[in-house]
Amino acid sequence: MPLTGVLLMAHGTPSSTDEMPAYLTLVRGGRAPSPELVAEMRHNYEAIGGRSPLTTITEAQAEALRARLGAAVPVSVGMRNWSPFIKDALAGLAAQGVTRVIGVPMAPQFSALSVQKYIDAATAALPDGMGFEAVASYHAHPLLLDAFAERVRAAQPQPGELVVFTAHSLPKRVIALGDPYPDEVAATARGVAERAGVTRYTQAYQSAGRTPEPWIGPDLGQALDEWSATVRRFLVVPIGFVCDHTEILFDIDVQGAQTAREFATSLRRTESLNTSPLFIDMLEELVRARL
């Protein structure tokens, strides 16, 4: 029997603002960032304490999954744009004798611009003789919907408070080519709302890239603007993300909250999944179904 291991794949984040230029160069496909972009991103990171917890939390998710699966199934973490890199994680699994890897992207909805790039990075870095099977999407997995719904119920939405489901924006050109991402985001929102008993909600996108091309919307700020004529309180539920990082801690908690105040409204958000037992249940089920 081949030894099967698990690779949790995420975007990656620098461990300090000193690494920001090199990190952004990788994110931009080798193109050096402008000094203005480096300064902006350093400012964003400093606003949340100087670093993103993405890697730390992903490692904690891996440890929780490892405890469920047992020592017979090695679990590793690999990032596309920073250390620990996907290629190094695969080499580490190979060193443990793993000959087959189940890759799980830490993003619920599939897109050619996100999840597929994780899969491509892993496929390109596979050691000789190693097989690879990816989980392309789990946007409608019952346990994922339950985990998000649990966070919504814990937040106790108040009368008159509008629930806003958010996910990362993508360039419109990708969607025009038939990418399933917006349909999967909408399905996640619908499923979470049903389980949480939310009858009134809207959907928005966030964290669009700094490029001149159009990105899908409405942007979170635009949604707040449009709804602020009739709504005074918003509860943001970031269903496109599975842990805390800059898109949550800065783009929602700092930038989004500031925008809400400018419209004389208030904004709060649900707790991220992080190591939610229900989310770890889902990861375990995804893996065991492929063992």
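The paragraphs below take the helix and then the sheet. This is a predicted model, in which local features need pLDDT of at least 70 and side-chain atom pairs count only at pLDDT 80 or more, while totals for chains, interfaces and linings use all residues. Residues are numbered from 1 along each chain as its sequence is written, and side-chain values use heavy atoms, with hydrogens and water left out.

Helices (H or I, at least four residues) and strands (E, at least two) are DSSP runs, numbered from the N terminus. Helix H2 has 13 residues (residues 35–47) and should span 18 Å at 1.5 Å a residue, which agrees with its end C-alpha atoms being 18 Å apart; the expected span is 1.5 Å times one less than the number of residues.

Buried means under 20% relative accessible area, exposed over 50%, and partly exposed in between, with a 1.4 Å probe and protein chains only. The buried residues of H2 are Leu-37, Val-38, Met-41, Asn-44 and Tyr-45. They lie on the same side of H2 because they cover an arc of only 125° around the axis, taken from the directions from the helix axis to the C-beta atoms. Pro-35, Glu-36 and Glu-46 are exposed on the face turned away from that buried side. After H2 comes Gly-49, with a positive phi near 105°.

Four strands form an open sheet in the order S6-S5-S7-S8, with parallel pairing; two strands pair if DSSP finds at least two bridges between them. Strand S6 (201–206) and strand S8 (266–269) stand at the edges with a single partner strand each, so one side of each has no neighbour in the sheet. Strand S7 (residues 233–238) pairs with S8 over 4 bridges, and Val-236 has Arg-269 in S8 as its bridge partner.
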